[in-house]
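Please work through the exercises below with the sequence and the structure open side by side. Each exercise gives a task and then a solution that goes step by step.

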Amino acid sequence: MGIFGFFSKEKKESLDQGLQKSSQSIFSKLSKAVVGKSKVDEEILDELEEVLITSDVGVDTTIKIIERIEERVARDKYVNTEELDTILREEIIGLLEENQSQDFLDFDIPQDKKPYVIMVVGVNGVGKTTTIGKLASLFKNAGKSVVLGAADTFRAAAVDQLILWGNRVGVPIVSHGMNTDPASVAFDTVKKGKEENADVIIIDTAGRLHTKVNLMNELTKIKRVMQKFIPDAPHEILLVLDGSTGQNAFIQAKEFTKATEVTSLAITKLDGTAKGGVVIGISDQFKIPVKYIGVGEKVTDLQLFNRKEFVDSLFSKK
């Protein structure tokens, strides 16, 4: 187990603080729903349904949660409203477990995948480049050597920002500047990573959803050139979503999963929104593991997703 292989008190406090707007909103709505009631009945469940939907959990996932609680109430015969908070947490954690949303314990890589290649996708403005910079820092702090590739060549700010992160973190970066061929950048990045025996290669890609066909072709080309050096690259396709956009994050996830085979998710900017429930809905609907969540500005505020701790913080009464 590495230095990030446990859920520390500091990380929990950061998570609580990052999800404070969401938890306060949910707790306020829940309190109003159960005021003056002693027993969980149909009316309470209708109110709870509205609370979850307005917290951006999503309609389909909300219905699943309500059905689970209905079964629990029917089985236990009598459930008082004071138990509702605990039951809600347990059933959401159970749902996430069924979705094979695993808990990641460390900023580590599979031993048989070296260099481990991560291709990062996502539209402009979601925090994609910042997430890559933070990941590079966290991997380096965990003792891994990292190479970055600035293949989002259609936006000058993306290239410049990644160069700044590379310098700040102290990891090498491959860049050909703006308006150059992204696949060429990816090729040289993987080549450099392979030659330098790097542990992790992280490649930024264009943040556009201009048309799915063009996006698919571009990402396919990037994958193809990587595979000249590492036949099974990329090992991970990480989609970055902005949690503060709520339901719009669902739409982006849908479009990107059509365009390429997304294997993991990072949901950012959860500290600035009351829409934290979107993490539950996206995890449930797309059956793609949420691997990272962003709950603040600091590098360490990009956390590995832990189901139990997340749900506990989201439904905290603090």
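**Exercise 1. Salt bridges**

How many salt bridges does a search of the whole structure find? Then describe the bridge between aspartate 232 and lysine 113, and the bridge between lysine 128 and aspartate 152.

Solution. The model is a predicted one, and a search of the whole of it finds 25 salt bridges.

Step 1. Start with aspartate 232 and lysine 113, whose closest N and O atoms are 2.8 Å apart. This pair links distant parts of the chain, since aspartate 232 lies in the loop between helix 9 (212-226) and strand 5 (236-242), while lysine 113 lies in the loop between helix 5 (81-98) and strand 1 (116-121), 119 residues apart. Aspartate 232 has a relative accessibility of 38% and therefore counts as partly exposed, and lysine 113, with a relative accessible area of 26%, is also partly exposed.

Step 2. Turn to lysine 128 and aspartate 152, whose side chains meet in a salt bridge at 3.3 Å, N to O. This pair too links distant parts of the chain, with lysine 128 in helix 6 (residues 128-141) and aspartate 152 in the loop between strand 2 (146-150) and helix 7 (156-169), 24 residues apart. Both lysine 128 and aspartate 152 are buried.

**Exercise 2. A network of charged side chains**

Which residues are linked in a network of salt bridges, and is arginine 75 buried or exposed?

Solution. Step 1. The network of salt bridges links Arg68, Arg72, Arg75, Asp76, Glu90, Glu91 and Glu98.

Step 3. Arginine 75 has a relative accessible area of 55%, and because the cut-off for exposed is over 50%, arginine 75 is exposed. Aspartate 76, with a relative accessible area of 35%, is partly exposed.

**Exercise 3. Aromatic rings**

How many aromatic pairs does the structure hold, and which residues do ring pairs link into a cluster?

Solution. Step 1. The structure holds five aromatic pairs. One of them is formed by phenylalanine 250 and phenylalanine 286, a tilted pair with 6.4 Å centre to centre and 40 degrees between the planes. It links distant parts of the chain, with phenylalanine 250 in helix 10 (residues 247-259) and phenylalanine 286 in helix 11 (residues 278-286), 36 residues apart. Phenylalanine 250 and phenylalanine 286 are both buried.

Step 1. Ring pairs also link Phe107, Phe139 and Tyr292 into a cluster.

**Exercise 4. Backbone exceptions**

Where does proline 115 lie, and what is the phi of aspartate 56?

Solution. Step 1. Most residues other than glycine have a negative phi, and most peptide bonds are trans.

Step 1. The peptide bond from lysine 114 to proline 115 is cis, with omega near -5 degrees, and proline 115 lies in the loop between helix 5 and strand 1. The peptide bond from alanine 233 to proline 234 is likewise cis, with omega near -5 degrees, and proline 234 has its place in the loop between helix 9 and strand 5.

Step 2. Aspartate 56 has a phi near 65 degrees, a positive value in a residue other than glycine. Aspartate 56 lies in the loop between helix 3 and helix 4, and its relative accessibility is 8%, so it counts as buried.

Step 3. Lysine 287 has a positive phi of about 55 degrees although it is not a glycine. Lysine 287 lies in the loop between helix 11 and strand 7 (290-294), and at 46% relative accessibility it counts as partly exposed.

Terms used
Residues numbered from 1 in each chain as written. Predicted model: local features only at pLDDT ≥ 70, side-chain atom pairs only at ≥ 80, totals over all residues. Heavy atoms only, no water. Phe/Tyr/Trp six-rings, centres within 6.5 Å; stacked < 30°, edge-to-face > 60°. Helix = DSSP H or I, 4+ residues; strand = E, 2+ residues; numbered from the N terminus. Buried < 20%, exposed > 50% of the residue type's maximum accessible area, 1.4 Å probe, protein only. Salt bridge = Lys/Arg side-chain N within 4 Å of Asp/Glu carboxyl O.
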